[in-house]
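Please look over the chain displayed here. The report starts with its surface, then turns to its layout and its sheet.

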Amino acid sequence: MKNLKSIDRLTEAFSKLPGVGHKSAEKMAYSILEMNDNNVYELSDALKDVKESVHHCKECGAYCENDICEVCSNPDRDKTRIIVVSYPRDIFPFEKLGTYNGVYHVLGGVLSAVNGVGVEDLRINELIEKVNRDSVKELIIATNPTTEGETTALYIAKILENMPVNVTRIAYGLPMGGHLEYTDSLTLLKSLEGRKKI
Ligand SMILES: [Zn+2]
């Protein structure tokens, strides 16, 4: 017997999630079918709500539900020190450390010839404007330690080399090919302490 059309549709939708293959997607589709109605409606509501309520902070590009995120709107945060990350979720591990008092800038990805991501696709111009506007003293580049992350870091360092800003790169502790999102706090703390000028 073949799957029903609506099951196929839901399976197809789930299989678009990262790390979810066809088999798991199909299992999830059947689980939804077997859940009670209220839980399913709650899930469907939450999906819609997250897309409607969450957007990018106008200042740093982080995810937030207001125009400006909590970090950017906090007058106690040091606007002259910026950690530059590729994706909004890369901010959370730094915030979890609880020791960083500067702000962030989300690029929205990494430079990648393979994926056709160029300078104009990232929030690099906004970063340069911010460096000028807020007389930024230090940029800590925290793109992932992958080839593309390195290329992006070097590019930013290069375009800012004649500006009065100290550009550093987190370095020690992070495994090559790894991802910030999955890094434990101690490793991340070491990386932050061991950052070096590029
Ligand atoms: Zn912000």
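## Surface and burial

The protein chain has an accessible surface of about 12,400 Å². Carbon and sulfur atoms hold 54% of that surface. The model is predicted. Of the 198 residues in the protein chain, 39% are buried.

## Overall layout

The C-alpha trace spans about 65 × 35 × 35 Å along its principal axes.

Seven helices and seven strands make up the secondary structure. Read from the N terminus, the order is α-α-α-β-β-β-α-β-α-β-α-β-α-β. Among contacts with a separation of 6 or more, 55% join residues 24 or more positions apart.

Five strands build an open sheet with mixed pairing, ordered 4-3-5-6-7. Strand 4 (102–106) and strand 7 (196–197) each have a single partner strand, so one side of each lacks a neighbour in the sheet. Pairing within a sheet runs through backbone hydrogen bonds, parallel or antiparallel.

Which sense do strand 5 and strand 6 adopt, parallel or antiparallel? Strand 5 (residues 138–141) and strand 6 (residues 166–169) pair in the parallel sense, over four bridges. L139 has V167 in strand 6 as its bridge partner.

## Helix packing

Helix 5 (residues 124–133) lies across strand 3 (78–85), strand 4 and strand 5. Helix 5 runs at about 155° to strand 4.

Terms used
Residues numbered from 1 in each chain as written. Predicted model: local features only at pLDDT ≥ 70, side-chain atom pairs only at ≥ 80, totals over all residues. Heavy atoms only, no water. Pairing = 2+ DSSP bridges. Helix = DSSP H or I, 4+ residues; strand = E, 2+ residues; numbered from the N terminus. Contact = heavy atoms within 4.5 Å. Axes fitted to C-alpha atoms, helices over the stretch in contact; angles between N-to-C directions. Buried < 20%, exposed > 50% of the residue type's maximum accessible area, 1.4 Å probe, protein only. Areas by Shrake-Rupley, 256 points an atom, 1.4 Å probe, with all protein chains shown as cover.
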